Amino acid sequence: MIGFSLWDILRNLLLALRWTVALSLLSFLLGGTLGMALLFMGNARSRLLRKLIRVYIEVFQGTPLLMQLFLVFFGLALFGMEVPAWLAASLALTFWSASFLAEIWRGCVASIVSGQWEASACLAMSHFQQMRYIILPQALRIAIAPTVGFGVQIIKATAVTSIIGFIELSKAGTIITNATFEPFTVFGLVGLIYFLLCWPLSKYSQFLERKCNVAHRH
Amino acid sequence: MSYQFDFYSVLDYAEVLQQGILMTIRLTVIGAGAGVALGIFGAWARTQGPAWLKPIVSAYVEVIRNTPFLVQLFFIFFGLPGIGVQITELHAAMLAMVINLGAYSTEIIRAGVAATARGQIEAGLSLSMTHLQVFRHIILRPALQKVWPALSSQIVIVMLGSSVCSQIAVEELSFAANFIQSRNFRAFEAYFVSTLIYLAMAILLRQLLRYIGQRFVVQRRTAVSTRAVAILSGGQA
């Protein structure tokens with residue numbers, strides 16, 4: 001019988017960690033881009049467009065990420081495409097995180113006093129110019145802490161992609177458990193690695209919140 | 001695209017879906033009830049509890065909030081039997097949901113507790129109320145009022161998160177979807193229908209929690225307690 005040392009387990013988990021990190025970064029970047037587009041469209045003049053954005057956010061926040069993953073996975077397959085797990089995972093995570101980021105940022109933009117909108121409108125700025133030069137630079141300071149905080153949610157959400165067969169940290173944990181029969185050690189280590197990845201980010205988000213909100217404290 | 005959608009083949013399994021919905025509701029009710037109770041205890045322990053308990057509760061909150069629910073579930077279901085604790089899949093799922101929501105609601109309710117004006121606590125103590133009485137009558141109710149929206153959305157998130165419990169063979173809604181597509185090979189339709197059901201459940205749950213908030217958390221003030229609040233907060237209530 002082949003024995004597995006603690007180092008064997010840990011080394012393989014750390015190798016799989018690369019994919020958790022890569023998927024998190026990719027979905028954060030793509031989700032952020034899509035979220036920003038949704039933010040601009042959500043402020044648009046067309047009522048239909050605004051309504052559509054509301055529905056998008058409602059649907060992606062009101063359904064489980066697992067179901068979204070399955071729908072992308074099997075939905076793309078309907079078009080006769082061979083869908084690799086990583087593609088379905090990053091697409092679903094992008095759509096999902098965009099809905100949350102758009103909502104977080106919408107709140108930050110809404111917290112900018114209306115006088116700023118009116119003043120910039122008086123200067124004959126277009127909607128895009130208002131957002132770009134007046135509103136977003138101010139909203140950014142409020143947005144940065146919750147955005148970093150949402151990064152933790154994305155990292156944790158990548159664990160669900162193991163269910164459609166993407167081999168990241170959690171999936172590696174399951175595979176190693178099947179080989180070693182030591183679930184307590186393996187899932188303990190998996191949890192520990194996630195914790196070491198997320199906890200500093202959580203703390204950093206709290207730090208940013210204190211630092212960036214100095215102006216709002218009395 | 002030459003694919004013919006066939007949603008009727010999913011509706012043939014309406015009974016399976018119904019069983020799944022009931023199990024998801026059962027998990028959510030137990031998770032939310034016990035989770036919020038645990039959160040209230042955690043918030044008490046972190047703000048007023050004994051000194052030895054505070055770091056334990058803080059560590060619990062940080063560990064749970066910074067690890068995925070799926071890994072917590074696997075640790076409880078696969079890990080605990082590894083050290084001799086036997087647990088059924090249903091109990092593992094319930095335990096994981098309670099522990100998970102407990103940590104989040106500890107943090108949410110604690111924020112409400114921290115927002116209590118110092119003068120109100122001192123006023124309560126000067127009326128010779130015990131610390132526990134002050135917490136129960138003066139701090140908790142207004143704290144819950146303040147954080148109810150945040151608590152509600154966390155409960156909805158936990159309800160949606162329960163879909164992961166299908167991975168340890170708990171027969172809830174996503175398990176039902178999985179079962180159906182393994183029988184009729186209509187994967188997209190099965191998951192589509194169950195996703196719509198989840199959406200409806202999330203919307204209904206949000207409405208229900210809003211109703212509970214208005215009915216039981218905000219408005220339930222007897223004449224006496226309204227007067228007490230008015231006196232204690234210097235006539236501001």
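In which helix of chain B does B:Leu209 lie? B:Leu209 belongs to helix H9 of chain B, residues 187-218. Helices here are DSSP runs of H or I with at least four residues, strands are runs of E with at least two, and both are numbered from the N terminus. The model is predicted, so local features need pLDDT of at least 70 and side-chain atom pairs count only at pLDDT 80 or more, while totals for chains, interfaces and linings use all residues. Residues are numbered from 1 along each chain as its sequence is written, and chains are lettered from A and ligands numbered from 1 in the order in which they are written.

B:Leu209 is partly exposed because 19 other C-beta atoms lie within 10 Å; a residue is buried with 20 or more such atoms within 10 Å of its own C-beta, exposed with 12 or fewer, and partly exposed in between, the C-beta atoms being placed from the backbone. Apart from its neighbours within four places in sequence, B:Leu209 is in contact with B:Ser152 and B:Ile155, where contact means that the C-beta atoms, placed from the backbone, lie within 7 Å. The C-alpha atoms of B:Leu209 and B:Asn184, which are 25 residues apart along the chain, are separated by 36 Å.

Chain B as a whole has 10 helices and zero strands. Its C-alpha trace spans about 75 × 45 × 30 Å along the principal axes. Of its 237 residues, 43% count as buried. Among contacts in chain B between residues at least 6 apart in sequence, 77% join residues at least 24 apart.

One pair of helices in chain B can be followed in detail. Helix H2 (residues 14-47) and helix H7 (residues 131-161) of chain B pack at an angle of about 140 degrees, with their axes 11 Å apart. Axes are lines fitted to C-alpha atoms, for helices over the stretch in contact, and angles run from 0 to 180 degrees between N-to-C directions. The angle therefore makes H2(B) oblique to H7(B); angles under 35 degrees count as roughly parallel, over 145 as roughly antiparallel, 65 to 115 as roughly perpendicular, and the rest as oblique. Residues of H2(B) in this contact include B:Gly31 and B:Trp44, and those of H7(B) include B:Phe135 and B:Ile155. By class, the contact has 10 nonpolar, two polar and no charged residues. Ala, Val, Leu, Ile, Met, Phe, Trp, Tyr, Cys and Pro count as nonpolar, Asp, Glu, Lys and Arg as charged, and the others, Gly among them, as polar.

A pair in chain A may be set beside it. Helix H2 (residues 47-61) and helix H4 (residues 85-110) of chain A pack at an angle of about 120 degrees, with their axes 9 Å apart, and are therefore oblique to each other. Among the residues that make the contact are A:Tyr56 of H2(A) and A:Trp96 of H4(A). The residues of this contact divide into seven nonpolar, two polar and one charged.

The two chains also meet. In total, 31 residues of chain A are in contact with 32 residues of chain B. On the side of chain A that touches chain B, the largest share, 11 residues, comes from H8(A). That side has 21 nonpolar, eight polar and two charged residues.

Terms used: Two residues are in contact if their C-beta atoms, placed from the backbone, lie within 7 Å.
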